[in-house]
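Please load the model in a viewer and keep the selection tool at hand.

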Amino acid sequence: MTSSIPTTKVARGKVLGKAMLKIGVSKSKGVVKRTFMSKEKKEASKSDTHAQIAKIIIDSLGQLKGVSVKIAQHIALGMPFLPQEYLDEISKSFSNIPPINRALIRKIIKQELRAYPQELFESFEANAFGAASLGQVHLATHESKKIAVKVQYPGIAHTIESDLGILKFGLSRFAGGKNIDHIMQEIEDRLYEEVDYAIEAENTHFFKENLQHKSIVIPTVIDEYSTNKVLSSSFLEGDSFEKFLTKNPSQEQRDNFAQLILDSFFISLYELKTVHADPNPGNFIFMEEEKLGIIDFGCVKRFDEHFLDSFNQLHYSLMMGETDEVLVQQYAELGMIEQGSDEEMLYFYQEVIKPLDRIYIEIFTEESYDFKSNSDFSKRGFDTILEVQQKQIDAVHMMNPDYIFLDRTLLGYYAMFEKMEAKIDTRFARSLVKEYVSK
């Protein structure tokens, strides 16, 4: 299946307008149908309606491609208060995006690299093997080696502002009045970086050179065949996350790959002060010889020394079981608790932040953590976030955006570990936290 992409604000608005109309019809029909139903049938009917609405959303996002799908993916990770049917349907958009037509791909490559694919590469597969949110990936051959050529969908950069405005309006309604401003701002900041493949190439070079681990593989960028809209790199052979799981891997394999993901995150945070911050399972390749490939460095977050010092001191204090009074002052240092009387600050901490602390620190209280035995970890985390937001709807605005970004990324990885039914060893991460404090 191929499709064209609406790039103007009016054209994209029409797609969203039709979707909103369909959603309104589905909701109205659902309300009418449930009027005379029993309680059990009403719940089932609500679930069906949610699923129908989610399908409408994803179909329209599939037409819009690009920024809208990327936003949806971030929302699936960061808005747990949406009905599960929405989250399930949105998660499918991670890999089920219709490709654009071959002629358009040839045109983009010609514009960017000044030659057609067949003139540049020994071979070039016209059918994409992967469709990402901002572009699609084609397999090619260069110097007798397989390479991946990612081509950005046309007009993507021009759609950011309009898509953010339209989707913020729609999603604020679906989110039941919960505050999503911080999520949208975070996404906007990252999106303007992600639509420039030259930045992604720089990020990939950075991790290739600096993330030193014998079992982690980063692709090599082919600079002469890369621009801000085309990115060519070495092809990593291996299984996707879903394929890896369908092979029914051993517990040792599950644990090994989960450990690599966790360790790479903490190495990146404390040694590089830069993290690969998109916990999309599609960004990991499960390779032979127990090696983990990491791809797609469009979403990267860098942290300054001041934030990392404060963040690390706080998490060290949590591990050491410091008193609430000490933790309050450290959160105030991060700008997450407004200055006030000791009683007011302590109350805010205990009501709004401490429940989230308990979720974070649970992973690190022992030398290992078994996600197979704690398969409800993410749900409990999401439920806690929802409970906090319901009690203090404006509290999220006080939270340091860097702190939120880190915890959201970690929660995304933990959700992967649950699906992997993996057991992780926390000693290495704990040691990095302690070493950083002593610097």
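What percentage of the 439 residues of the chain count as buried? The share is 52%, where buried means under 20% relative accessible area, exposed over 50%, and partly exposed in between (1.4 Å probe, protein chains only).

This is a predicted model, in which local features need pLDDT of at least 70 and side-chain atom pairs count only at pLDDT 80 or more, while totals for chains, interfaces and linings use all residues. Residues are numbered from 1 along each chain as its sequence is written, and side-chain values use heavy atoms, with hydrogens and water left out.

**The whole chain**

Helices (H or I, at least four residues) and strands (E, at least two) are DSSP runs, numbered from the N terminus. Among contacts in the chain with a separation of 6 or more, 71% join residues 24 or more positions apart; contact means heavy atoms within 4.5 Å.

Select F124, which belongs to strand β1 (residues 123–124). Beyond its neighbours within four places in sequence, F124 is in contact with I105, I109, P117, H138, L139, A140 and V149.

Next, select T141 in strand β3 (residues 135–142). Its side chain forms a polar contact of 2.5 Å with that of S123. A polar contact is a pair of N or O atoms within 3.5 Å; within protein, one must be able to donate a hydrogen and the other to accept it, and residues adjacent in sequence count only if both atoms are side-chain atoms. Setting aside residues up to four places away in sequence, T141 touches F121, E122, S123 and I147.

Move on to K145 in strand β4 (residues 145–152). K145 counts as exposed because its relative accessibility is 59%. A C-alpha to C-alpha distance of 8.3 Å separates K145 from F235, 90 residues away in sequence.

**Helix α9**

Select residues 197–210, helix α9. Its buried residues are Y197, E200, A201, N203, T204 and F207. They lie on the same side of α9, because they cover an arc of only 160 degrees around the axis; the arc is that of the directions from the helix axis to the C-beta atoms. Turn the view to the face away from the buried side to find the exposed residues E202 and E209. At the N-terminal end, D196 caps α9, with a side-chain oxygen 3.0 Å from the backbone nitrogen of A198.

**Helices α12 and α14**

Now display helix α12 (residues 305–320) together with helix α14 (residues 342–362). Their axes come within 10 Å and cross at roughly 80 degrees. Axes are lines fitted to C-alpha atoms, for helices over the stretch in contact, and angles run from 0 to 180 degrees between N-to-C directions. The two helices, α12 and α14, are therefore roughly perpendicular to each other (angles under 35 degrees count as roughly parallel, over 145 as roughly antiparallel, 65 to 115 as roughly perpendicular and the rest as oblique). H315, L318 and M319 of α12 make the contact with D357, R358, Y360 and I361 of α14.

**Helix α17**

Finish with helix α17 (residues 427–438). In α17, the buried residues are A429, R430, L432, V433 and Y436. They fall within an arc of 155 degrees when seen down the axis of α17, so they line one face of the helix. Their cover includes α11 (251–272) and α12.

Technical notes
The expected span of a helix is 1.5 Å times one less than its number of residues.
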